[in-house]
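Keep the sequence and the 3D view side by side as you read.

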Amino acid sequence: AVEKVIKLGDSGATAVLTYLSDDQAEAIKEYCISHGILLLATGVTSPIHADPHDNLIRFNPDDTLEGKVTSQFFSDKGFTRIVPIVRDDHHGNVERH
């Protein structure tokens, strides 16, 4: 996806609508800012991408909302103990703070 966005940008695109993972968005964000490309993305959920000053517009809520909904679901089902398994990367580390 990253290579295709760069190819589109190099051909003069000013906006790109695509699916991107959090890592792909991170890899392409600076390119889009420096080339004036509006990036309209689905799939990007990490709160680190909730920056009102970049060129990234997300079409789905970030993981902080997902966490609230998930905890409410567990509470509604009567769960009293939950053990989270968190990825050891920038995405998982942000979620722990």
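## A walk along the chain

Gly12 sits in the loop between H1 and strand S1 (15–19). Helices and strands here are DSSP runs (H or I of at least four residues for helices, E of at least two for strands), numbered from the N terminus. Before going on, note that this is a predicted model, where local features need pLDDT of at least 70, side-chain atom pairs count only at pLDDT 80 or more, and totals for chains, interfaces and linings use all residues. Residues are numbered from 1 along each chain as its sequence is written, and side-chain values use heavy atoms, with hydrogens and water left out.

How covered up are some of these residues? Buried means under 20% relative accessible area, exposed means over 50%, and partly exposed is in between (1.4 Å probe, protein chains only).

| Residue | Relative accessibility | Class |
|---|---|---|
| Gly12 | 49% | partly exposed |
| Ser46 | 0% | buried |
| Ile57 | 37% | partly exposed |

Now for some distances. Gly12 and Thr64 are 52 residues apart along the chain, and their C-alpha atoms are separated by 35 Å. Ser46, in the loop between S2 and S3, is 25 residues from Ser21 in sequence and 9.2 Å from Ser21 in space, C-alpha to C-alpha.

Next, the helices. The axes of H1 (residues 2–10) and H2 (residues 22–35) come within 10 Å and cross at roughly 15°. That makes H1 roughly parallel to H2, a label for angles under 35 degrees. Those axes are lines fitted to C-alpha atoms, for helices over the stretch in contact, and angles run from 0 to 180 degrees between N-to-C directions.

Which residue forms a salt bridge with Lys29? Asp54 does, with the closest N and O atoms 3.7 Å apart. Asp54 lies in the loop between strand S2 (38–42) and S3, while Lys29 is in helix H2, so the pair ties together parts 25 residues apart in sequence. A salt bridge is a side-chain nitrogen of Lys or Arg within 4 Å of a carboxyl oxygen of Asp or Glu, and the count by this rule comes to one. Both Asp54 and Lys29 are buried.

Finally, back to Ile57, which is found in strand S3 (residues 56–58).

Conventions
Angles under 35 degrees count as roughly parallel, over 145 as roughly antiparallel, 65 to 115 as roughly perpendicular and the rest as oblique.
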